[in-house]
Amino acid sequence: MSKKCVGKNIRYRQVHPRNVKPEISFRETHEKEQEALSFLEGVLAKNSNVVVASSFGKDSMVVLHLCLRIDPDIKGFMVTTPNKPVDTTVFRQHVIKEWDLSWQKFQVFRSEEPAPDKLYLTDPKECCRINKVEPLRKALKELKPYAWISGLRGTESDERLEKHSKIEEQYGIVKINPILDWTELDVWKYTAIHNIPVNPLYSKGYRSLGCTPCMAPGGELERSGRWQNTPLEGGECGIHTLETSDA
Ligand code: SF4
């Protein structure tokens with residue numbers, strides 16, 4: 001990727017596995033699973049108008065699976081971009097068919113604002129705003145849920161751990177993060193135990209998935225491959241950024 005990007009390098013603080021707080025890393029996955037299920041049961045029992053967001057990455061698949069265990073009719077949505085990897089699109093179609101997620105139950109949103117060609121090379125933050133953040137706002141505006149459920153995990157960065165909680169508000173809507181305290185290992189253990197379909201990009205070495213031009217396989221930390229050599233390296237697309245969500 002080009003190094004001629006606008007903006008200051010933000011230096012995202014990714015969390016090295018050895019620095020994950022003991023209260024998170026030493027807890028068993030099955031305990032976290034039971035806790036997440038009880039938490040989601042409580043949320044879904046009180047409010048029927050709740051939707052689950054999915055990117056069809058590993059974390060989203062776990063959250064979608066947890067939600068479907070409680071409510072097989074729960075509605076979901078996805079934000080897609082012109083640069084989504086073909087693997088993710090094909091995988092999405094496969095899961096929608098296998099898990100019987102009809103379009104009435106699962107909607108796909110995309111940007112209506114055309115982004116300048118290859119904007120990701122010069123201003124990835126703006127490219128993400130156009131292609132990810134705005135379609136997410138549109139989805140929430142159209143679906144009008146009481147709450148949306150996300151696969152946000154705290155151990156991906158210090159910022160996530162410090163600033164987010166399992167119930168918060170974003171874009172003026174309640175946001176539920178049931179696996180906020182799960183590690184990358186917890187996600188893979190749950191995936192293996194429940195035989196959840198896996199996006200084929202992981203078998204090609206990617207640890208964190210996004211758009212094709214903005215991700216690379218490998219890396220020491222989970223998000224090392226995201227937006228390499230840009231001001232957003234290892235960072236966030238803005239979808240989960242609380243500071244900008246009311247702008
Ligand atoms: S991940 Fe890259 S291509 Fe995708 S919206 Fe963000 S900057 Fe654009």
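1. Six strands form an open sheet in the order E3-E2-E1-E4-E6-E5, with mixed pairing. Strands (E, at least two residues) and helices (H or I, at least four) are DSSP runs, numbered from the N terminus; two strands pair if DSSP finds at least two bridges between them. Strand E3 (106-109) and strand E5 (167-170) are the edges, each with a single partner strand, so one side of each has no neighbour in the sheet. From one strand to the next, the twist averages 30°.

2. The model is predicted: local features need pLDDT of at least 70 and side-chain atom pairs count only at pLDDT 80 or more, while totals for chains, interfaces and linings use all residues. Residue numbers start from 1 along each chain as its sequence is written.

3. Strand E4 (residues 147-149) and strand E6 (residues 173-176) run parallel and are joined by three bridges. Ala147 has Val174 as its bridge partner in E6.

4. Helix H2 (residues 29-46) packs on helix H3 (residues 58-70) at an angle of about 60°, the axes being 10 Å apart. That makes H2 oblique to H3 (angles under 35 degrees count as roughly parallel, over 145 as roughly antiparallel, 65 to 115 as roughly perpendicular and the rest as oblique). Axes are lines fitted to C-alpha atoms, for helices over the stretch in contact, and angles run from 0 to 180 degrees between N-to-C directions.

5. H2 contributes Ala36, Leu37, Leu40, Glu41 and Leu44 to the contact, and H3 contributes Leu66, Cys67, Arg69 and Ile70 (contact: C-beta atoms, placed from the backbone, within 7 Å).

Conventions:
Two residues are in contact if their C-beta atoms, placed from the backbone, lie within 7 Å.
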